[in-house]
Amino acid sequence: MAVEVAGGLISGSLALLADAGHMLTDTAALALAWIAVRLTMRPTNPRRSYGYHRAQVLAAFVNALALFVVAAWIVVEAADRLSTPRPIEGGTMFGVALAGLVANISVYAILRKGNQDNLNVSAARLHVLGDLLGSIGALLAAGIILTTGWTPIDPILSVLVAILILRSAWSLLRKSTSILMEETPDSVDPDALRKELMANVPGVRDVHDVHCWSLTSGQTMLTLHVGLVAGANGGLVLREAKRVIAEKFAIDHSALQLEQAECPDEV
């Protein structure tokens, strides 16, 4: 990042400065991601019965917002550069961009080995991918400037990188917001779950008050009420219902309220 700042100021390249600015947010983003991972390792307690798993989602949410800010800054600066072109030293720009590309490829390769379904790791990986794209854009811009002398390519490619960053940021923001708002995961259809239990668990009269959400990425939670037919064995119904939920819908943490008569919440 420090090399890109120096190289951007010396060469006059927005692409290098944009990549350096993105790397600055990466420093904070990766630190935030690391802190979140450490927090999830802490044990549960009476006040936080689910532990600190939501810290990962909060980190991903903050990282997504940071990506939006970086992309907006790049677009504003690029517009200024297009209206007022500035001289750019292509040779310096090319050398610094090449060094940045090597560094970003190395970091991205490390993060690719992490959990692909973990939203927090995905957030960190997206930040570094944005840097990698920025380095590639800076290399292309430097090559064109060296061969043709056409400097507007620098802010133009910076805007293209910003668009790619926005696309990734939107996906990350949507996923993290969905979890924070406790929306039903896409992998679970409440109506299908209800029908499955009523059709395949003996003793079930009806299923209602189904609530399904994600504690964090890949960890689904479920609560529901099960109305029993007269004379049904509650213990057997509970075990069979939990088995169906785990096998058919991959939900290992479920809480079921069994009701012999009317639902007490509706009386």
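**Close-up views of a predicted model**

View 1. H225 belongs to strand β2 (residues 219-228), where strands (E, at least two residues) and helices (H or I, at least four) are DSSP runs numbered from the N terminus. The model is predicted: local features need pLDDT of at least 70 and side-chain atom pairs count only at pLDDT 80 or more, whereas totals for chains, interfaces and linings use all residues. Residues are numbered from 1 along each chain as its sequence is written, and side-chain values use heavy atoms, with hydrogens and water left out. With a relative accessible area of 9%, H225 is buried (buried, under 20%; exposed, over 50%; partly exposed, in between; 1.4 Å probe, protein chains only). Its side chain forms a polar contact of 3.5 Å with that of D209; such a contact is a pair of N or O atoms within 3.5 Å, and within protein one must be able to donate a hydrogen and the other to accept it, while residues adjacent in sequence count only if both atoms are side-chain atoms. Not counting residues up to four places away in sequence, H225 touches D206, V207, H208, D209, Q257, E259, C263 and D265, contact meaning heavy atoms within 4.5 Å.

**View 2. E196 in helix α7.** E196 is located in helix α7 (residues 190-200) and is partly exposed, at a relative accessible area of 21%. The side chains of E196 and N200 are joined by a polar contact of 2.8 Å. Beyond its neighbours within four places in sequence, E196 is in contact with V201, V244, K248 and F249. The C-alpha atoms of E196 and V207 are separated by 9.9 Å, the two residues being 11 residues apart along the chain.

**View 3. Helix α4 and its N-terminal cap.** Helix α4 (residues 90-112) comprises 23 residues and reaches 32 Å from its first C-alpha to its last, close to the 33 Å expected at 1.5 Å a residue; the expected span is 1.5 Å times one less than the number of residues. At the N-terminal end, E89 caps α4 through a side-chain oxygen that lies 3.3 Å from the backbone nitrogen of G91. The buried residues of α4 are G90, M93, V96, A97, G100, L101, N104, Y108 and L111.

**View 4. L82 in helix α3.** L82 lies in helix α3 (residues 54-83). This leucine is partly exposed, with a relative accessible area of 42%.
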